Amino acid sequence: MATKPNRSFAERMFARKSIAQVQRETETSELKRSLGKWNLLLLGVGCIIGAGIFVRTGSAAALHAGPAVLLSFVVAGIVCAFAGLCYAELSSTLPVSGSAYTYGYTTLGEFVAWTMGVLLLLEYGIAAAVVAVGWAGYVVSLLADFGITIPAALTGPTGQLLVRDGAPVLVDGQQVVTIFNLPAFLICIALSLLLVLGVSESAKVNNIIVAIKVSVLTAFIVVGGLIVLSNLPELVATNWTPFIPENTGDGQFGVDGIMRAASIVFFAYIGFEAVSTAGQEAKDPAKDMPFGIIGSLVVCTVIYMLVAAIMTLLVPYNTLNVPDPVAVVVDAFGPQWGWLAKTIKIGAIIGLTSVVLVLMYGQTRIFYTMARDGLLPRIFSKVHPKYQTPWINTLLVGLITACAAGFIDINTLGDATSVGTLAAFAIVCLSVIYLRRAAPDLPRGFKVPFYPVLPILGILSCGYLITTVPMHVLLLFLIYLGVGLVIYFLYGIHFSNLQTGKDMDEGPEMGEFPGPVVD
């Protein structure tokens, strides 16, 4: 019978999983190993392509960077590359479900692991809500093209004045105040039910969606690019002059605005991180995880740059503060391209569907792992006997995501997601430094190059982008984090496996936290 370890309060907070225990959990997981390297790459592409291009690019350009949102993507991509390389090393070394949460548990201890779990709820669950709101915007726009109108009050968050193409939407001379985003709510519920059916089925659907989405985006780039090239001097003079608008306040245009926009679009790159949550379901994680993470990051960064350039050249940037900016752009192609505009909107809807799917998938696997560790009630790790998926927590994630998408506005959701994502990425970079020193002989399928420079740059750059977020968002974030920590001290620290002595394998000790040494 397991006995409860006798530790001080500080020792309990920073108790770590042993490497042997993590490896044993990998071998004994009930989840099916059904994902190959191309599944993982498409999983990442399915998440990365969507949120940034189809949703957040518009508000980042309209409110903060103008045409220079192109540079914001460069900044965000560089920061993302630092974190992505760190994720690739950790996922090839500790290929388990739970992603950054498990990495933190193994390196920095239980308190940090719980904090990561709280951050990842922002990074996955709330990010899924952001994309669902964008999905709803495209659905409303497409249906309007066919003469089908959803009541305006049911197309936005509670209490928001509805705006379209930079102008207020009026009904009977009165500006519309939205009550509830019904389409966004429904897509979250529907996709949670799909995830209950199983990851293999979900991955197959995702592969088809990614193929359609990439084809549609290619059409957008080709047609939009031809229109841009045929009118380039005029478009540059009209929409790209000045390329960097003059600063009008804190985070509003200028260099300051570029950095603020970078923190907004950064969350669109979390597709590679979603790949790492699939560690226990990858066929050959040591080889496949780095391939999926880095490959999806490279492919999607190129596409981001092309699409963002076309968007800001074809329409004035100040008209893009909408949930569906690509719909605004394709409508500007001209009446002769009406058929293509409808096709691209359909592709955007399909693409955003895959993003919501992947983000919700990642969140369910994090809850599953936390419940197996005892930090959450065991019911969240209950696997369906037929579908072999954590069905109860999947339904809960669907409900949380649906309510957030239905009631809260997209900019608030997006800012919260960005802060949580950046904080989580910084901790992951720190975990790589720790694990290199604490377990230097541990087999690694991939190693971060230029260690420790790149992990340190990852920590510093993530921290800097967090400082660009408005203070009221940071205060809300701190309150949210505080509530999460209260739950840990009331429940998690008392019931976790490490605290109760359940399912423990001491394994080799990794020692105290050391300083970085050049590899």
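Modeller: Two residues are in contact when heavy atoms of theirs lie within 4.5 Å. The model is predicted, and local features need pLDDT of at least 70, side-chain atom pairs count only at pLDDT 80 or more, while totals for chains, interfaces and linings use all residues. Residues are numbered from 1 along each chain as its sequence is written, and side-chain values use heavy atoms, with hydrogens and water left out.

By that contact rule, and not counting residues up to four places away in sequence, D415 touches R56, R260, I264 and V473. D415 belongs to helix α16 (residues 410-438); helices (H or I, at least four residues) and strands (E, at least two) are DSSP runs, numbered from the N terminus. The chain has 19 helices and four strands.

Now to the rings. A pair of aromatic rings is described by the distance of the centres and the angle of the planes. Rings of Phe, Tyr and Trp (its six-membered ring) pair if their centres lie within 6.5 Å; planes under 30 degrees apart count as stacked, over 60 as edge-to-face and the rest as tilted. The whole structure holds 15 aromatic pairs. In one of them, F73 and Y304 have ring centres 5.0 Å apart and planes at 20 degrees, so this pair is stacked. The pair links distant parts of the chain, because F73 is in helix α4 (residues 69-93) and Y304 in helix α12 (residues 285-314), 231 residues apart. Both F73 and Y304 are buried, where buried means under 20% relative accessible area, exposed over 50%, and partly exposed in between (1.4 Å probe, protein chains only).

F180 and F407 form a tilted pair, with 4.9 Å centre to centre and 50 degrees between the planes. This pair also links distant parts of the chain: F180 is in the loop between β4 (174-175) and α7 (182-197), and F407 is in helix α15 (residues 391-407), 227 residues apart. F180 has a relative accessible area of 15%, so F180 is buried, whereas F407, at 44%, is partly exposed. Elsewhere, ring pairs join F111, W114, Y488 and F489 into a cluster.

Some rings have a charge over them, meaning that NZ of Lys or CZ of Arg is within 6 Å of the ring centre and within 35 degrees of the ring normal. The charged end of K342 sits over the ring of F146, 5.7 Å from its centre. R436 lies over the face of Y451, at 4.3 Å from the ring centre.
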